[in-house]
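This report describes the fold and some local features of a single protein chain. Please keep the sequence and the coordinates at hand while reading.

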Amino acid sequence: MEERQDLQILYQLLYRLLSTIPVGRLEVTAFDPLGLGQSLAPFLSLLKAEKLFPHERILTAGNEIEEVLKNLAAIVEDCIQNRFSIDIPDWVHYNTAHREKALPYRVIILFGTPSQLSVQSLWSLGSLLRHGPRCGILPIISMPPISADDRASKELRETMNETLNPLGALAGSGRSSGVKTLTLSFIEDSLPNRSVHDAFLTAVAAAYAQEARNVRPMSSLWQTGLDWKNSSREGIRCPIGWTAAGELVYFTLGNVHSQVHALIAGRSGSGKSNLLHVLLHSLCHSYGPEELGLYLLDYKHGTEFSVYAAPPLPQARLVAMASDTEYGVTVLKHLCQEIELRAALFKEAKVNGFEEWKRLHSSALPRLLLVIDEFQVLFSEARNIADEAEKALTMLLRQGRAYGIHVILATQTLKGIQSTSMSQLISQIGCRIALACSEDDSSSILGANNWAAAKLKSPPEGILNEGNGAKDANIVFRIPEATKEFCMLHLQEISSCAADLRQKAHTRLFNGTKLPEIPSRRSLYRAASVPVTVHLGEMLNYEASPMTLTFEPRGSSALLITSGSTTLMENLARSVLRSLRTHAGVGRIVSLESPFYSELLDDECRGDGIPIERYHDLEEFDIGTFTKEMGNERRFLVIFGLDSMKALITPPGPRFSKEAPPTAADQLRTLLEDGPRKKTYIIAFVDSWKRFAASGRDLQALIEWRIGSCLPEEDSTALIGGKVRSLSSDMVAIFSDRIKGTTCSFRPYTTGSPHA
């Protein structure tokens, strides 16, 4: 092109393209190594429209030009070899047949001379000149005369002469060309004035910005409706988004040619939660409960997974919201046990793995998928919990493939993981999905020097990499929005499909922000012939087994309960009293209470059950007589506020006469030492452990069962007798059996009406 006149023609052509090609269907790539972008000065305001200018700048560096021309040549090659056929010979026919995923029209504008182009660039440019138009790529080249001594440039000029039409040849005034009886002439457009030009480009930029925000609805991910005919024998595969060209992008695990586990990461606001919902919905659309079982663990302290709890997602075996770290470890251990069970099953069936077992047996055995959101929390707690989590997760990651068990770990960043061995395990997870993040995080998530995720728009873009982080394995894709309205309808559809196929949901629920409800009085009732059992809550394990204490005639069965939470103390007190009042074998319940507990006792004394004898001080309660009557029947002395009853906890002073009567503290010691063997048991509630530890030191050794919660670390260590998990949460308590040297965590019951 002749520089001045031909620039005018180029600008006119760009106006035509921008005004006629639908928004989102035009891509412009421009190279200007000498002018540094000034050759397209009137259009520089459009560079931020990424869908129009994919690189968001005019490229000037030789290495950039080489890389981009190489990528464009690869697109041409892909079209010719994979997209076109005898019936679809070119871009026009392809887009006619594939309107939903039509290829964009690409314009390449090159300002410069061959001296700025490498040999590779010249080769790629030659390929684009020959085959680009057939593939929807229009090359426009502005180049001065080429030296006859430059062989590579001469070859390019020959290719240009063969394939390009000079724009200047069309611009001559009065020039015309006769084609048989048709005469053609060039009529030059007049360029718009400044105000019209600015208004037009502003409108174009706004239209492309809106197009960039538009994502296809999630429903268009799936080609068919729910029928659950897919088998998970050879892995699980589901669509999660689209490439820029409209091709579906599939997430695959467990196939012989795919990865086994996946890592999903992206900074806050990058759309990680949205992607997890898209992934879960797509998996459940593709596979029924007999082919896929889900374990969902959420450490985000939110309610992201709560939508899969009510109604329960048929494929979900567990939905855990605001999960506790110790509980999460028990889930990992449960899946490790599942590996052992499947190993025994496969050994007995004489098969080598999950795929072979599925091929030879018709009975249902689903693939299991564990999804942990913000998994790094597991490794930020106490060292013993982190070590157990690491050990269990190591087993799942290394042995999961053979037994059809897979793991998806999701996080905002990998920076918080301190465990070297855990970092090594994560590095072995071959499938990575990176959302928008910093360059450092991109390199950690995808692989060393793979910073592509730093260039993503958030949301809805992501990078799927199934090649252990290799740069050439990056697939940039757009993620649909998992709108609340659509997700609720889709979940109803999934539930209805499961009901029609009689595939019932067996979903276990865990909510770390809510305590379990105490069972009804009817279910707590026990006959006189069985030992007395106190029901306190649910064990903090996958099975959520009941936390109970059984009082039997033996050396020691005294129980001390203390907590920094008034609500938790009240809940435990109600659980104790209801358990005792509903046992037919309890002969007598005596309450020695401080004023704080009066209202609680008023409530719990109502309704049917064993009556409670209530005393407010030792002047009312004859502890000496109570001690002498040991052995006649099963009796419980429940002391509320033991730490405030000085007469019971004050150490005895020197005795000046053997005939001196025993003090109340002496009587309590006798009850603690001899009571359990004579069917008399002590349950003591302590409001302040510090106060009790200071005054009741002599009694501590006689109380071997202890329950604590919401205590400072120093107090919890003294209470339990060793290093334990943090007792700061009012959702978890720890029970210590000092005789057996064991501890366990449980979630205390919350109690409603005393008549429930």
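## Terms and overall picture

The model is a predicted one.

The protein has 23 helices and 26 strands, and of its 756 residues 51% count as buried. Among the contacts with a separation of 6 or more, 72% are made by residues 24 or more positions apart. The exposed surface comes to about 35,300 Å², of which carbon and sulfur atoms supply 51%.

## Strand β17 and its partners

Strand β17 spans residues 532–539, and seven of these eight residues are buried, so the strand is largely enclosed by the rest of the structure. It is joined by six bridges to strand β18 (residues 546–551), the two running antiparallel, and here Gly537 has Met547 as its bridge partner. The hairpin that β17 and β18 form has six residues between the strands, and Ala544 in this hairpin takes a positive phi near 50°. Strand β26 (residues 742–748) also runs antiparallel to β17, to which it is joined by three bridges.

Helix α16 (residues 566–581) contains Ser579, which counts as buried because its relative accessibility is 2%, below the cut-off of 20%. Leaving aside neighbours within four places in sequence, Ser579 is in contact with Thr533, Val534 and His535.

All six residues of strand β20 (residues 588–593) are buried. Arg588, Val590 and Leu592 point one way from the strand, whereas Ile589, Ser591 and Glu593 point the other way.

Strand β20 pairs in the parallel sense with strand β22 (residues 635–640) over six bridges, and Ser591 stands opposite Val638 in β22. Four bridges join β20 to strand β21 (residues 612–615), again with the strands running parallel, and Leu592 stands opposite Tyr615 in β21. Between β20 and β21 the chain crosses through helix α17 (residues 598–604), and this β-α-β crossover is right-handed.

## Helix α13 and its buried side

Which residues of helix α13 (residues 439–446) are buried? They are Asp441, Ser442, Ile445 and Leu446, and they lie on the same side of α13 because they cover an arc of only 110° around the axis. In general, an α-helix has 3.6 residues a turn, so residues three or four places apart point the same way.

The cover over the buried residues of α13 includes the strands β8 (262–265), β13 (431–435), β14 (461–465) and β15 (474–478). The residue that follows α13 is Gly447, whose phi is positive, near 150°.

## Nonpolar cores

The largest nonpolar core has 55 residues, and those that touch the most other members are Tyr327, Leu332, Leu370, Ile372 and Leu396. Helix α9 (residues 325–349) gives the largest share of this core, namely eight residues. Leaving aside neighbours within four places in sequence, Leu370 is in contact with several residues, including Tyr295, Leu297, Val331, Leu332, Leu335 and Leu396. Apart from this core lies another, of 52 residues, with Leu26, Leu40, Phe53 and Leu110 among them.

## Loops and backbone geometry

Most residues other than glycine have a negative phi, and most peptide bonds are trans. Against that background, Glu374 has a positive phi near 60°; it is found in the loop between β11 (367–373) and α11 (383–403), and it is buried, with a relative accessible area of 5%. Phi of Cys710 is also positive, near 55°; Cys710 is found in the loop between β24 (705–709) and α23 (713–720), and with a relative accessible area of 17% it counts as buried.

The peptide bond from Ala310 to Pro311 is cis, with omega near -5°, and Pro311 has its place in the loop between β9 (292–298) and β10 (316–321). Another proline, Pro33, lies in the loop between β1 (26–31) and α2 (62–83) and is buried, with a relative accessible area of 15%. Although Pro33 and Gly62 are 29 residues apart along the chain, their C-alpha atoms are separated by 7.5 Å.

Conventions: Residues numbered from 1 in each chain as written. Predicted model: local features only at pLDDT ≥ 70, side-chain atom pairs only at ≥ 80, totals over all residues. Heavy atoms only, no water. Buried < 20%, exposed > 50% of the residue type's maximum accessible area, 1.4 Å probe, protein only. Arc of directions from axis to C-beta. Contact = heavy atoms within 4.5 Å. Pairing = 2+ DSSP bridges. Right-handed = clockwise from strand over helix to strand, strands pointing away. Areas by Shrake-Rupley, 256 points an atom, 1.4 Å probe, with all protein chains shown as cover. Core = buried A, V, L, I, M, F, W, Y, C linked by side-chain atoms within 4.5 Å.
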